[in-house]
Amino acid sequence: MISARNLTKKFGDVAAVDGISFEVRAGESFGLLGPNGAGKSTTMRMIGGVSRRSSGELAIMGLDPDRYGPEVRAHLGVVPQQDNLDEELRVRDNLIVYGRYFGLPHSYLRPKADELLEFAQLTDKAKSKIDALSGGMKRRLTIARSLINEPRMLLLDEPTTGLDPQARHILWDRLFRLKESGVTLILTTHYMDEAEQLCDRLIVVDKGRIMAEGSPAALIREHSTREVLELRFGSERNASVAAELAGIGERQETLPDRVLIYADDGEAALEQVSARGLRPLTTLVRRSSLEDVFLRLTGRSLID
Amino acid sequence: MTRTWQPADAAAAGRQRAGLRPPLDPLQSAARARRFGSLYYLEHWLRAMRGYGWTVALTAVGTPLVYLFGLGVGLAALVDANTSAAASLGSGRPVPYLVFVAPALLATAAIMVATDENTYPVMSGFKWRRTYYGPNASPLSSHQLVNGHCLGVLCRLLLTTGLYFLFLLPAGAVLEASGWMMILTSALGGLAFGLPVMAYAARIEEDKGQFALVQRFIVMPLFLFSGTYFPLEAMPLVVRWIGWISPLWHSTELGRVLSYGQAEPAWLTAVHLGYLALLAVAGWLAARRIYARRLGK
Amino acid sequence: MSQRTITGPGRAAAAPVPSRRPLASLYAGNVRAVVGRGLRATWSSNWAIMASGFVEPVLYLVAMGIGLGSLIGTVQGPGGEQIGYASYIAPALLAVSAMNGAVYDSTWNVFFKLNFARLYEGMLNTSLGPLDVALGEILLALLRGALYATGFTAVMGVMGLITTPWALLMIPAAVLIAFGFASFGMGITSYMKTFQQMDWITFLMLPMFLFSATFYPLSVYPEPIQRLIQALPLWHGVELLRQLNAGVFNAATAIHVLYYVVMILLGLLLTTGRLRKLFLS
Ligand SMILES: Nc1ncnc2c1ncn2[C@@H]1O[C@H](COP(=O)(O)OP(=O)(O)O)[C@@H](O)[C@H]1O
Ligand SMILES: [Mg+2]
């Protein structure tokens, strides 16, 4: 459905997106995972046909968005990073007016708006002003709006950033349903849990480049160990203790607030630490995550 | 262009999702948007205007009443009491002050409305409310947003000038049958000022009170030095040029020709029209470029 | 009065028992902090905008005085003598600009801070009371008004429109006018909820501006309308300044001044009441 080859976007001399290539297949749920400023939004805007690429090739449904902007955009539903609902209109009118931009008739849009409000659990807010909605409701309304033309492909730029945990779970549930109904999802996030939950396949991007590609499980298998041991010695000591830990596990990372030891068996690693007479303030054994993959690939954490 | 969307896909997707199916496929949608996109955006514009309908109605009805009563009755009594002054109005044919000032009031009202609609609403489309970014992600193009907005402004202008004209008639402020055309020419005057302002507003990245400055250093002087309340000739030559470049002066003078047949060479009338049209088109073209650049970043 | 149990350390030491002053819950006697913030904010914000507030009435004076003056010639002044049209409208324009400045500062500015910037919420989390905030804002508006009035009077002098030293009294009188509008404006703004409602204030001021004997004498109107206009504040301001500019004083002068004193008192009463309701209930 999407194919990008050497896709590049420059702002002045800075390459926000620096020659990335990927394919997205129909029905797939595809993610872009990366920290702030990685170039995720810029990529999404190019796919969405609102930002012209500087070089490279891009085809959405076989169409070049720079030439066939209206056609490409008619295929898509877009949820931008920043909500841009129409605050001059009421909740339900937001859906109807947006549908008009697709040339759809009122006879279709009126019942469709009600159906989507139901889907977004906003039926009782139909007549509210946008101001009166919470952050999570606005996000759900934006998603409902993006579905007004029943797109087969949905672009979601950081769909849950800034939402509280409960609102995130409601949203994830709605996205799952869309995925089940066969809609292709393309989403960006800097939350590894979101990427693990929602994405079949993802690319890890940093500074406009692709660092790795694959399913969440495959990426973890490839770039990390099964388990991770987290040790905290207090912010003063973490760095100095690191030397004394040498040799335990496959690999170690020293962060300002903790030391990570990568090992297939975390408990065993912990015993080794104790055996060396080291007494961390807290310890934690957990499974490896995409966060660890990112750390491995870039030496930095996803959220700074 | 390759056709990628097949009816078979719709059937497949339809089986999985119970929801309503749109009556148009994406390519049909896009074709419609290419044809009628400007009108779709106009539709949005008019719907949004309903939200502040009271303000629109109040300005459209209240402004003419207040100005006619204040200037047409009050100031006119003072000016007309001075007979020699009345004779100096309306070059060639002495007219009452009310008749002299009416086209100016109409032209001013149009420019005020055009300024209102093209300052904060345009800037907030890019900045606070970001209203342009939603439609920009739909099949509409940035040019169609510009066109739709211009059409919306034109609608409101015609509403304003049309109503104003209706108030002028019973006040006896219009002498010639051709006077009704002022509805159109003052609306054109509004666009001549409003569209360049629109282009400017679309360029503003950060609100530092630029519009207060536009209001005070551009609109206000134009309003005072454009031969509105007194003939331009009453001003010393050093400031008369303000009138010559001011769309308000051109719009007012056109109105005076239409409303009471102010004597004026035909070429000058043509200059008025041409100048207003030129400003409007230049503003429109500039706005299209700026919108495309800013929305397509 | 129980809201005031938490006070700053200095205060608590000096007055362990909560003060029994009647306005203690509203007023901490610290207007200076509010004015200080305002001056700082003005200082760092756009100077051109500050300056433009001065330019506007001057442009009016030049355009109308010369342009309309050429059509009208002379008009009867407050002492009964004929005066030039520019001399006639200049004091009126000063009164109008005092009104506009005060109304802007006490409505739009306050409305924005109240509803959007949440500035007052922050201020009221300190030891400041709502009345400190209100008086501070009004005082700022008056400072600015005094500055503009001085500038405008100087321009009048340069244009040869000032003929008596009494005219200098126009500056404090303009501040009085501004005070009247500002104290009321703030109270009224506290009722406003949307931008549209704010537009209505602007719209109500337009007829007052045009009709209050600013550009032509009241005598052009029929008796009942004259009475109505004479009940409105701007007319009193215009007449007061006109009298001062001509150095003519009579019983009417006292009435004009008294009108504003009463207006200020009522306005402060209204504003304080509203602030108490908004912030302390
Ligand atoms: N309109 C723009 N003009 C200039 N630079 C931009 C613009 N948009 C994004 N950038 C820059 O491009 C880089 C990538 O930004 P973005 O795509 O928003 O990253 P992400 O969405 O991954 O956080 C950033 O360094 C950002 O500053
Ligand atoms: Mg982003």
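What area is buried between chain B and chain C, and what percentage of it do carbon and sulfur atoms give? In this predicted model, the area buried between these two chains is about 3100 Å², and carbon and sulfur atoms account for 81% of it. The contact involves 39 residues of chain B and 34 residues of chain C. Polar contacts across the interface of chain B and chain C amount to 3 residue pairs, with both residues of each pair at pLDDT 80 or more.

On the side of chain B that touches chain C, two or more residues are given by each of helix 3 (53-81), helix 4 (83-88) and helix 10 (210-224) of chain B. Of these elements, helix 3 of chain B gives the most, with 16 residues. When the residues of this side are sorted by class, 28 are nonpolar, 9 are polar and 2 are charged.

Chain B is also in contact with chain A, and here 41 residues of chain B meet 47 residues of chain A. The area buried between chain B and chain A is about 4200 Å², with carbon and sulfur atoms giving 55% of that area. Between these two chains the count of salt bridges is 6, and a salt bridge is formed by B:Arg34 with A:Glu71, whose closest N and O atoms lie 2.8 Å apart.

The side of chain B that touches chain A receives at least two residues from each of helix 1 (7-16), helix 2 (26-51) and helix 7 (133-136) of chain B. Helix 2 of chain B gives the most to this side, supplying 13 residues. By class, the residues of the side of chain B that touches chain A comprise 19 nonpolar, 12 polar and 10 charged.

Over all chains, a search of the whole structure finds 37 salt bridges. Within chain A, A:Glu150 forms a salt bridge with A:Lys112, and the closest N and O atoms of this pair are 2.8 Å apart. The two residues belong to distant parts of the chain, 38 residues apart, since A:Glu150 lies in the loop between helix 5 (135-146) and strand 6 (153-157) of chain A, while A:Lys112 lies in helix 4 (residues 106-119) of chain A. A:Glu150 counts as buried because its relative accessible area is 9%, and A:Lys112 is likewise buried, at 0% relative accessibility.

A salt bridge also joins A:Arg174 to A:Asp173, with the closest N and O atoms 2.9 Å apart. A:Arg174 is buried, having a relative accessible area of 9%, whereas A:Asp173 counts as partly exposed at 30% relative accessibility.

The side chains of A:Lys179 and A:Asp200 meet in a salt bridge as well, at 2.9 Å from N to O. A:Lys179 is found in helix 6 (residues 165-180) of chain A and A:Asp200 in the loop between helix 7 (192-198) and strand 8 (201-206) of chain A, so this pair ties together parts that are 21 residues apart in sequence. A:Lys179 is partly exposed at 21% relative accessibility, and A:Asp200 is partly exposed at 35%. Finally, salt bridges that share partners join A:Glu230, A:Arg232, A:Asp257, A:Arg258, A:Arg286 and A:Asp292 into one network.

Definitions and conventions:
Residues numbered from 1 in each chain as written. Chains lettered and ligands numbered in written order. Predicted model: local features only at pLDDT ≥ 70, side-chain atom pairs only at ≥ 80, totals over all residues. Heavy atoms only, no water. Contact = heavy atoms within 4.5 Å. Buried area = accessible area lost by both parts, 1.4 Å probe. Salt bridge = Lys/Arg side-chain N within 4 Å of Asp/Glu carboxyl O. Helix = DSSP H or I, 4+ residues; strand = E, 2+ residues; numbered from the N terminus. Nonpolar A, V, L, I, M, F, W, Y, C, P; charged D, E, K, R; others polar. Polar contact = N/O pair within 3.5 Å; in protein donor to acceptor, adjacent residues only side chain to side chain. Buried < 20%, exposed > 50% of the residue type's maximum accessible area, 1.4 Å probe, protein only.
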